Amino acid sequence: MPAETQPLFAAEGITKRFGGLVAVSDVSFEISRGEILGLIGPNGAGKSTIFNLISGFYRVTRGRTVFQGQDVSSLPIWKLARIGLARTFQHDSLLKGMTVRDNILVATTQFIRNPAEREKRMSETIDIMGLGEVLDEKASNLPHGHQRILSIAIAFSGRPALLCLDEPLTGFNQTEVLGGLDIIRRLREEFATTVLIVEHNMRAVMSLCDRILVLHHGKLLGSGSPEEVQNDPAIIEAYLGKSE
Amino acid sequence: MLFDKLNLLFLATVAASVAYCLAVPGAFFVQVILWATLAATLGAGIRFVMLVGELNIGTSAFYGIGGYTAAYLTTAYGLPFGVALVAAGIAGGLVAAVFGYATMRTSGAYFMLISFAFAEIFRMLVVESDFLGGNNGIIGLFVSVEYEPYFAATVVAILATLISALAVIENSSLGKSFIAIREREEIARSVGINVLAIRVLCLVISSVVIAVAGACSGFITHLVTPNDYTFMIAVFALAYVKLGGEEHPTGPILGAILLTLAAQYLISFGAYQQVFFGTVIAVAMILLPQGITGRLRDLVRLTAKRTARDAG
Ligand SMILES: Nc1ncnc2c1ncn2[C@@H]1O[C@H](COP(=O)(O)OP(=O)(O)O)[C@@H](O)[C@H]1O
Ligand SMILES: [Mg+2]
């Protein structure tokens, strides 16, 4: 398949078992280049587990993950990161004891060795994320909104082809949500970044995403455009209807 | 700001020590300076591995590998001081690479116990090795007579340079990667850091420096024995770090100087030396959890706040 039409990423029947619990069961989906794909589902549905499988933190029990045409199911995390697959963490997503600047430095240094070019890259990251004012603050001292943005900055520092964001807007007020969405859209427009996002703020997800996957009890319940998902009776029953 | 001043104080102390060693090479105080320099290097070396979050009791073994490499090469092959130092550093680095690759997948209490076992195995191997002199060790590490007057000053200069090199690395992007691994390993991995390789590298760098210090220790006493390189060396080093403070590179140096002076002038320990150092670690951790440098920094901040408040 030529590179342009090939999906950037594909999960093929991935399954993850923790002892007796099947956290993710036979899930298949593709992510096209340049897409912003949403992954929604109630707490415990298996969203973070899918992130951990995609990014190499967990090994799949069955199935495989394919990134840019290559089977990456058994690659270690750091190698996946270096070939362009990055993720944020739902919890503790920062190097808390380090300054904002050092967080971004550490995240950039594996990708650019030349100090002058690294500086340039870092300023670019800092500009897009709007972190210029807080560079010398310790990450743990930042207000919550800045902390979540910094975790996106860390993952984006290597300019990944696929960026996976695990609940990036949690705890944001309305203005912050708009700012966060704006940043994510800019990453796609200016850097052609493909995004997979888990987020509980339904209004944000519906306005941001091209397509949405719905996960329930570790299984894929359905997928479609935001309108299709919002009008699918099975999905409303399982998730949307109850939570909104 | 305080830390900048401490850096300056470090450089001034080194310059004064080198000058003193050159001016009165035979004085007893030169010996004290040399002991303090070795102690400071041990403290800086053990703290360096603490950057990736590990306590390396095997520090004593790398110190010993340096001492024995230098002793063997000078007595068996008559190699000069400078070559012996370089060889000691290489030996320490190579052993650290193998040991680290095999063990740095573990962390915390597990790594500490394994490194403790390594320290003991090293000592037992030396005791059992006839070519290393067994329990009697190796005697006869000397620098040439014409070089003798410059020896102490050279040791201080070399080890101070290595300590500074550790501090420079700590401040580089590599050093930040060490700290990132300690802070949260998952994030380090997720940004492309090969955590095992970087942890091993950290151990190797520390061990090269420790081994060079070990070689110097052999030339200072003209003798190496298994008893000079027991795990207590690592306990002393930890005492320097805990007393002086862990946050800044000058912490263990301050701790090393204070404890060396105390050992020389204040208290005659005899058999109680180990009890004393153990007590220092315990008391420092209770009364000065951030060490002296950390306490100083807090005081400076407090004073600054007070001044600001009084002014405003
Ligand atoms: N490391 C783990 N060990 C055991 N169970 C786990 C582990 N990680 C997740 N789980 C379980 O898998 C299920 C899915 O969790 P998770 O993927 O975090 O859900 P979500 O992110 O959708 O809220 C939950 O029942 C959770 O308890
Ligand atoms: Mg989750």
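**Loops, ligand shell and chain contact**

B:H222 is partly exposed, at a relative accessible area of 26% (buried is under 20%, exposed is over 50%, and partly exposed is in between, with a 1.4 Å probe and protein chains only). This is a predicted model, in which local features need pLDDT of at least 70 and side-chain atom pairs count only at pLDDT 80 or more, while totals for chains, interfaces and linings use all residues. Residues are numbered from 1 along each chain as its sequence is written, chains are lettered from A and ligands numbered from 1 in the order in which they are written, and side-chain values use heavy atoms, with hydrogens and water left out.

B:H222 sits in the loop between helix 9 (195-221) and strand 2 (223-224) of chain B; helices (H or I, at least four residues) and strands (E, at least two) are DSSP runs numbered from the N terminus. The phi angle of B:H222 is near 65 degrees, a positive value in a residue other than glycine. Chain A has a case of its own in A:D26, a non-glycine residue with a positive phi near 50 degrees. A:D26 belongs to strand 2 of chain A and, at 54% relative accessibility, is exposed.

That strand also turns up around ligand 1: strand 2 (21-31) and helix 1 (47-54) of chain A each put at least two residues into the shell. Helix 1 of chain A gives the most, with three residues. The ligand is surrounded by A:F18, A:L21, A:A23, A:P42, A:N43, A:G44, A:A45, A:G46, A:K47, A:S48, A:T49 and A:Y58 (a residue is near if one of its heavy atoms lies within 4 Å). Sorted by class, the shell holds six nonpolar, five polar and one charged residues; Gly goes with the polar ones. Polar backbone atoms come up to oxygen atoms of ligand 1 at A:G44, 2.8 Å away, at A:G46, 2.9 Å away, and at A:S48, 2.8 Å away (a polar contact is a pair of N or O atoms within 3.5 Å). Taken alone, ligand 1 exposes 570 Å², and the protein buries 63% of that (Shrake-Rupley areas, 1.4 Å probe).

Next, the two chains. In all, 24 residues of chain A are in contact with 15 residues of chain B, contact being heavy atoms within 4.5 Å. Chains A and B bury about 1,700 Å² between them, 68% of it on carbon and sulfur atoms; this is the accessible area (1.4 Å probe) lost on being put together, summed over both parts. On the chain A side, A:W78, A:L95 and A:V106 lose the most area to chain B, together 28% of what that side buries.

In chain B, B:T37 is part of helix 2 (residues 28-50) and has a relative accessible area of 11%, so B:T37 is buried. A polar atom of the B:T37 side chain lies 2.7 Å from the backbone oxygen of B:I33. Beyond its neighbours within four places in sequence, B:T37 is in contact with B:V156 and B:L159.

In chain A, A:P168 lies in the loop between strand 7 (162-166) and helix 6 (174-191), yet A:P168 is buried, at 3% relative accessibility. Residues up to four places away in sequence aside, A:P168 touches A:R148, A:I152, A:I197, A:V198 and A:E199. A:F89 is 79 residues from A:P168 along the chain, with 8.5 Å between their C-alpha atoms.

Terms used
Polar contact = N/O pair within 3.5 Å; in protein donor to acceptor, adjacent residues only side chain to side chain. Buried area = accessible area lost by both parts, 1.4 Å probe.
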